[in-house]
Amino acid sequence: MNTTNSLGLYIHIPFCVRKCKYCDFLSFNMSDETKAQYVMALICEINSLGKKYGKAGLNRPVPTIFIGGGTPSILNSQHICKILTAIYNNFSVKENAEITIECNPGTLSPSKLSDYKNIGINRLSIGLQTANAKELAAIGRIHSFSQFLESYNYAVRLGFNNINIDLMSALPYQTLSSYEDTLKKVIALKPQHISAYSLILEEGTPLFDFINNGNESLLPDEDTEREMYYLTDNILKDAGYQRYEISNYSKTGYECRHNLSYWDRVDYLGLGLGASSLVDSTRYKNTDSLSFYMENSHNPTAIKCDITPLSKKDIMEEFMFLGLRKIKGISINAFNQQFGMDIFDVYGDVITKYKNINLLSVENDVIALTKQGLDVSNSIFSDFLIDEDI
């Protein structure tokens, strides 16, 4: 819910050493020259939007910055420094801002991490996915577990004390035992945050084609996948991690503030190729065409596409299905105040239906998914779509 004037910033770096077999994100490999040209185009966009939302315009405070991809850490660290310097020059970044960069093992070095720290990056998100070599190869990751350990240890030695590790379950060749081994190896490192996602086979990816070409048996069966899901929750809880969103766990006080702003519907500005934004109740994204973006990034209006002004109905739906992703759920009073309507007049039947079968809890001011509700969250979310206009 957007109750402040805050504006998060997402920066998209669309480059990778090699695209992973499961990935359908906007990413690819390009020459060093193209990467440098892209950084200059990105800085042009930052300068232009700074005139509207930054110090020279509305001067909206920036509490979080997330540099994602792709693999942002594939860039020369001086490019990252130039991007952040442009942001600092143009936007009012809060003194205690959370500034995250996504990294992949094998693309980090002590000097690169030192440059990150000096420019103000205070949170790392490292993509491990699995500690098992056969599973890493099956999904097309280019690193080994030992390379991950090297990268992680570099970061800890340099003083980074807010690190996320990304993990995946339901991978080809993965067993309950190998997944448990990965979980235990990761919690032994005591990162502050762990994201744990189940593999989704996206149509059009090499892994989708491979699995659907007679290799379905390489994936864990449905029962094993469900056991992995419960194992994640149990092992991480026992290790002191609090689950604060369907797929995210953290030590107390280390929840990802940037991602929480997405689920709370705080405005954010997406900068870079294909980046999505939510600003003033309108969702839109930037062009997916690299050449068009680099030629027109100085004109943010020209690169905008898929512009969708949100109706009251749209915003209500997002309030519910994004807010319910959080373990703490949503506030009844916040809904009533924001929309000027009683939540039970709008969603009473749906709330009662799931409360009666113990998939939703309603206590005092809070509606939240129960543990059983979290297991079937997607089907519950779909019931919060409203048929008629409000």
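Select Phe-319, Phe-335, Phe-339, Tyr-347 and Phe-384: together they form one aromatic cluster. The model is predicted. Across the whole structure, a search finds 13 aromatic pairs.

Next, go to two of the phenylalanines, Phe-145 and Phe-148. Their rings are stacked, 5.8 Å centre to centre with 25° between the planes. Both residues belong to helix H5 (residues 145-157), three residues apart, about one turn of the helix. Phe-145 and Phe-148 are both buried.

Now pick Tyr-262 and Tyr-268. The ring centres lie 4.6 Å apart and the planes meet at 65°, over the 60 degrees cut-off, so this pair is edge-to-face. Tyr-262 is partly exposed, at 22% relative accessible area. Tyr-268 is buried, at 10%.

Move to the sheet. Three strands make an open, antiparallel sheet in the order E13-E15-E14. Strands E13 (330-331) and E14 (360-363) are at the edges with a single partner strand each, so one side of each has no neighbour in the sheet. E13 pairs with strand E15 (residues 366-369) over two antiparallel bridges. Show Ile-330: its bridge partner in E15 is Ile-367.

Finish with helices H2 (residues 77-90) and H3 (residues 110-119). Their axes come within 9 Å and cross at roughly 5°. H2 and H3 are therefore roughly parallel to each other. On the H2 side, select the contact residues Ser-77, Gln-78, Ile-80, Cys-81, Leu-84, Thr-85 and Tyr-88; on H3, select Lys-112, Asp-115, Tyr-116 and Ile-119. Colour this contact by type: six residues are nonpolar, three polar and two charged.

Key
Residues are numbered from 1 along each chain as its sequence is written. This is a predicted model: local features need pLDDT of at least 70, side-chain atom pairs count only at pLDDT 80 or more; totals for chains, interfaces and linings use all residues. Side-chain values use heavy atoms; hydrogens and water are left out. Axes are lines fitted to C-alpha atoms, for helices over the stretch in contact, and angles run from 0 to 180 degrees between N-to-C directions. Helices (H or I, at least four residues) and strands (E, at least two) are DSSP runs, numbered from the N terminus. Angles under 35 degrees count as roughly parallel, over 145 as roughly antiparallel, 65 to 115 as roughly perpendicular and the rest as oblique. Contact means heavy atoms within 4.5 Å. Ala, Val, Leu, Ile, Met, Phe, Trp, Tyr, Cys and Pro count as nonpolar, Asp, Glu, Lys and Arg as charged, and the others, Gly among them, as polar. Two strands pair if DSSP finds at least two bridges between them. Rings of Phe, Tyr and Trp (its six-membered ring) pair if their centres lie within 6.5 Å; planes under 30 degrees apart count as stacked, over 60 as edge-to-face and the rest as tilted. Buried means under 20% relative accessible area, exposed over 50%, partly exposed in between (1.4 Å probe, protein chains only).
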